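Please look through the sequence and the model together before reading on.

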Amino acid sequence: HCVITDCSYGGTNRSCREFFTPLGMEFTFTDFRDPENIRKAMKPNTKLIFSETPANPLLSLCDIEEISKIAKAGGAKHVVDATF
């Protein structure tokens with residue numbers, strides 16, 4: 001399971017929905033502007049949190065440090081795409 005921002009680059013979003021989901025990977029898309037949304041989206045099988053900041057296309061920002069703490073507490077990795 002992966003918790004991923006609901007505001008992400010179209011290619012990333014599409015890859016998750018159309019390529020990885022049919023392979024059995026599970027994604028929860030949520031608003032990363034509030035870290036509490038990420039906490040609520042975590043599941044026992046969450047292995048990855050995928051954030052993007054600034055997010056494309058809306059340039060929204062997220063709290064990388066706080067998200068990393070959530071990931072660590074849940075035994076997941078936190079990947080940050082900051083290529084905008």
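## Overall form

In this predicted model, the radius of gyration of the chain is 12 Å, which agrees with the value near 12 Å that a compact globule of 84 residues would have. Taken along the principal axes, the box filled by the C-alpha atoms is roughly 30 × 30 × 20 Å, and 39% of the 84 residues count as buried.

The accessible surface of the chain comes to about 5,100 Å², with 56% of it belonging to carbon and sulfur atoms. The chain carries 10 positive and 11 negative side chains, and the centres of these two sets lie 5 Å apart.

## Elements and their packing

The chain has 3 helices and 4 strands, which run in the order β-α-β-α-β-α-β from the N terminus on. Among the contacts with a separation of 6 or more, 67% are between residues 24 or more positions apart.

Helix α1, which covers residues 10-20, has Gly-11, Thr-12, Asn-13 and Cys-16 as its buried residues, and these pack against β1 (2-5), β2 (27-30) and β3 (48-52).

## Nonpolar cores

The largest nonpolar core is made up of 11 residues, including Val-3, Phe-32, Ile-38, Ile-49, Ile-67 and Ile-70. Two or more residues of this core come from each of α2 (35-41) and α3 (64-73), and α3 gives the largest share, 3 residues. Another core, of 5 residues, lies apart from it and has Cys-2, Ile-4, Cys-16 and Phe-50 among its members.

Within the largest core, Ile-38 can be followed in detail: leaving aside neighbours within four places in sequence, Ile-38 is in contact with Val-3, Thr-30, Phe-32, Ile-49, Ile-67 and Ile-70.

Conventions. Residues numbered from 1 in each chain as written. Predicted model: local features only at pLDDT ≥ 70, side-chain atom pairs only at ≥ 80, totals over all residues. Heavy atoms only, no water. Buried < 20%, exposed > 50% of the residue type's maximum accessible area, 1.4 Å probe, protein only. Contact = heavy atoms within 4.5 Å. Core = buried A, V, L, I, M, F, W, Y, C linked by side-chain atoms within 4.5 Å. Rg over C-alpha atoms; globule rule 2.2 N^0.38 Å. Areas by Shrake-Rupley, 256 points an atom, 1.4 Å probe, with all protein chains shown as cover. Lys, Arg positive; Asp, Glu negative; His and termini not counted. Charge placed at Lys NZ, Arg CZ, Asp CG, Glu CD.
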